[in-house]
Amino acid sequence: MRINAFSDVCLRVVMLLCAAPESVTFTSRVVAAEVGTPYNHVSKALLKLRELGLIEAIRGRSGGVRISALGRAVTVGSLLRQLDTRTDLAACESSNGPCPLLCGCGLRGSLRRARDAFYRELDGLVISTLPHGKPNGPVLVELGLVR
């Protein structure tokens, strides 16, 4: 299985916010720099994570984003399930129409079961337990810039 780029960014953001002390907020620009992703992609991820209740957005001069209680408790499987917008893993339809084997094909069901097994395996992995030890790279430097 492979997760899409948007899900990857969302996972990075949640892990970054889980690694910070609860009172620390990050601006969206700092989040983008920390996860190594363009600002516009991170902004979309932050919006989705806020809609899901996984992060809190604080407005104002000393505002920013921080992880919510729900965000600290979410599992990787649960988050990926909520972010996955694909109905099928196989391209059973194209510009030429549906696959001629669609009626008797067992691949779709098998791929769906494989995806479900993938998510079930990740259901036991709470995101807040993933960042541990000293962060690598610029996070230590950037934390001083966060209000």
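**Close-up views of helix packing and the nonpolar core**

**View 1. Helices α1 and α5 cross with a right-handed sense.** In this predicted model, helix α1 spans residues 5-19 and helix α5 spans residues 76-83. The two helices pack at an angle of about 140°, and their axes lie 10 Å apart. Because angles over 145 degrees would count as roughly antiparallel and 65 to 115 as roughly perpendicular, α1 is classed as oblique to α5.

**View 2. Residues at the contact of α1 with α5.** By class, the contact comprises eight nonpolar residues and one polar residue, with no charged residue.

**View 3. The largest nonpolar core of the protein.** This core contains 31 residues, and those with the most contacts inside it are V13, F26, V42, L49 and L79. Two or more residues are given to the core by each of α1, α2 (28-35), α3 (39-51), β2 (64-67), α5 and α6 (107-122). The greatest share comes from α1, which supplies eight residues.

**View 4. Surroundings of V13.** Apart from neighbours within four places in sequence, V13 is in contact with V31, V35, V42, L46 and L49. Of these partners, V42 and L49 are also listed among the core residues with the most contacts.

View 5. The protein has seven helices and four strands, arranged from the N terminus as α-α-α-β-β-α-α-β-β-α-α. Of its 147 residues, 33% count as buried. Among contacts between residues at least 6 apart in sequence, 68% join residues at least 24 apart.

Terms used. Residues numbered from 1 in each chain as written. Predicted model: local features only at pLDDT ≥ 70, side-chain atom pairs only at ≥ 80, totals over all residues. Heavy atoms only, no water. Axes fitted to C-alpha atoms, helices over the stretch in contact; angles between N-to-C directions. Parallel < 35°, antiparallel > 145°, perpendicular 65-115°, else oblique. Left-handed = near helix turned anticlockwise from the far one by under 90°. Contact = heavy atoms within 4.5 Å. Nonpolar A, V, L, I, M, F, W, Y, C, P; charged D, E, K, R; others polar. Core = buried A, V, L, I, M, F, W, Y, C linked by side-chain atoms within 4.5 Å. Buried < 20%, exposed > 50% of the residue type's maximum accessible area, 1.4 Å probe, protein only.
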